[in-house]
Amino acid sequence: MNTTYDVIVIGTGVAGSTVATKAQKAGLEVAIVDERQYGGTCPQRGCDPKKVMAGISKIFDDAKRVKGLGLDGDVTLNWRDLQAFKKKFTEPVPEGTEEKFNSLGIRRYHGTASFLDPHTLKIGGHNVTAKYIVIATGAKPADLPFEGFEHLVTSDQFLEMEELPDRLLFVGGGYISFEFAQLAARLGKDVIIVHRGRNVLENHDFEMTNKLIEHTKDLGVEIHTNTEVTKVTKLDSGYKIDAKKFNHEHTLKADMVFHGAGRAPNIDHLELANAGIEFSKQGIKVNENQQSKPHQHIYAAGDCADTGLPPLTPSAGEEGTRLVRHLLDGETKVPVQKPVPSIVFTYPALASVGLSQQEVREKNIPYESESKTITKFFTYQRTKEPGAYVKILLNPSTGEILGAHFLSSEAEHLVNIFTLAIQKGLTKHDLKSVLWGYPTAESDIPSFF
């Protein structure tokens, strides 16, 4: 069966949904396809469910710290109840997404799409042709180069587990490992993180990640850096993990081993060679308008596209918007210059925007650093929060913000203020001159400098 459309979108996440919705509203005939449930990763298997769980974990942690200060009684963290609450947010997503597309008249397909030629996709028993094709297939857990890799449990599976085992080992020191490791530790589990590099969370400032390591270890999490997993063996009960650190062999054991070692573009199934589409390990090669090479009628956006932006939801939204404006109106833009904030939803949360200290040093950019422990600020004293820390990198001549890094319960909010400051070229003097509402985390900003 052959069908023709103006636009076919592969993927129903942030980028794909943005393009499909705006193109259909503009009068084009649009079809969309997904190999999984409609809605994409963020609201079902990523940002949103993770934030729901992290939020309850934070309340639990706060309650323990302030017990006897006006709050009495014992509070426990329950995995089954946490899962049930999370599902109230995730379970409506697929049906709601399909209903939205249906109400707009977007034709919906379910299944794996692959290229037959530059204008034709095969979706099950359908051959579907379009003037424009948009690839927004997101990312998947990266393949890891050791025997027994197939035994690792993914973040998707972690979020659906009915019970957590007593001993968990996370391979990789990325944000997924730290977020889930802290949650498991607060549930009373024995947790290990094994990371082959010297520095965990390598896209963040290393001083800040070292402080997060200290907080995570205080929860009882065992963290091994410079340690490479070489083999995972399934036992009658649990798993044996062989690892190497500085040429010394080590053996660890766990009831379950989790994948937290990064993600890769989800493009293997697309048969890109049939369309001659160029790609790299970072994804489909595109220009500033999200057009692929060499076919300008084929676009890519989000985590599957090699744009140089961090693979985060704000990036996917920006890329989807750029893409559809070019597709509909021919609007051309320069490469994205906007700063993209990144948040690790541990507790305390780690949030960063702009340059890290290692980056300004590598690029020989003049800078000055303002960093301090802020636990004695009223914002954190009132809930006995330990270890709150801030680090701001500045242009020494102008006072402009080069980078901002936070580790605290307020990090996710403060980072947005500083994202705006960097985007608008504000200086520390501009931020100090604002009359912030008091007492708030924002009213602390003048004291950061």
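Is Phe146 buried or exposed? I start by noting that the model is predicted. I looked up Phe146 and found a relative accessible area of 11%. The limit for buried is under 20%, so Phe146 is buried.

**Entry: aromatic pairs**

I counted the ring pairs next, and the total is 15 aromatic pairs. One of them joins Phe146 to Phe149, with 6.4 Å from centre to centre and 90° between the planes, an edge-to-face arrangement. Phe149 comes out at a relative accessible area of 22%, so I put this residue down as partly exposed.

Then I turned to Phe406 and Phe418. Their ring centres are 5.2 Å apart with the planes at 55°. Edge-to-face needs over 60 degrees and stacked needs under 30, so this pair goes down as tilted.

**Entry: charges over rings**

I looked for charged side chains over ring faces and wrote down two. Arg107 lies over the face of Tyr109, 4.2 Å from the ring centre. Lys211 lies over the face of Tyr389, also listed at 4.2 Å from the ring centre.

**Entry: the sheet with β24**

Which order do the strands take? I read off β20-β21-β24-β23-β22, an open sheet of five strands with antiparallel pairing. At the edges stand β20 (342-344) and β22 (368-373); each has a single partner strand, so one side of each has no neighbour in the sheet. From one strand to the next, I get an average twist of 5°.

I then followed the antiparallel strands β23 (residues 389-394) and β24, which are joined by six bridges. Within this pairing, Val390 has Phe406 of β24 as its bridge partner.

What packs on this sheet? I found helix α8 (residues 206-218) there, touching β21 (349-354), β23 and β24. The direction of α8 makes about 5° with that of β24.

**Last jotting**

For me, Phe406 ties these entries together: its ring pairs with Phe418, and its bridge partner is Val390.

Methods:
Residues are numbered from 1 along each chain as its sequence is written. This is a predicted model: local features need pLDDT of at least 70, side-chain atom pairs count only at pLDDT 80 or more; totals for chains, interfaces and linings use all residues. Side-chain values use heavy atoms; hydrogens and water are left out. Rings of Phe, Tyr and Trp (its six-membered ring) pair if their centres lie within 6.5 Å; planes under 30 degrees apart count as stacked, over 60 as edge-to-face and the rest as tilted. Buried means under 20% relative accessible area, exposed over 50%, partly exposed in between (1.4 Å probe, protein chains only). A charge sits over a ring if NZ of Lys or CZ of Arg is within 6 Å of the ring centre and within 35 degrees of the ring normal. Two strands pair if DSSP finds at least two bridges between them. Helices (H or I, at least four residues) and strands (E, at least two) are DSSP runs, numbered from the N terminus. Axes are lines fitted to C-alpha atoms, for helices over the stretch in contact, and angles run from 0 to 180 degrees between N-to-C directions. Contact means heavy atoms within 4.5 Å.
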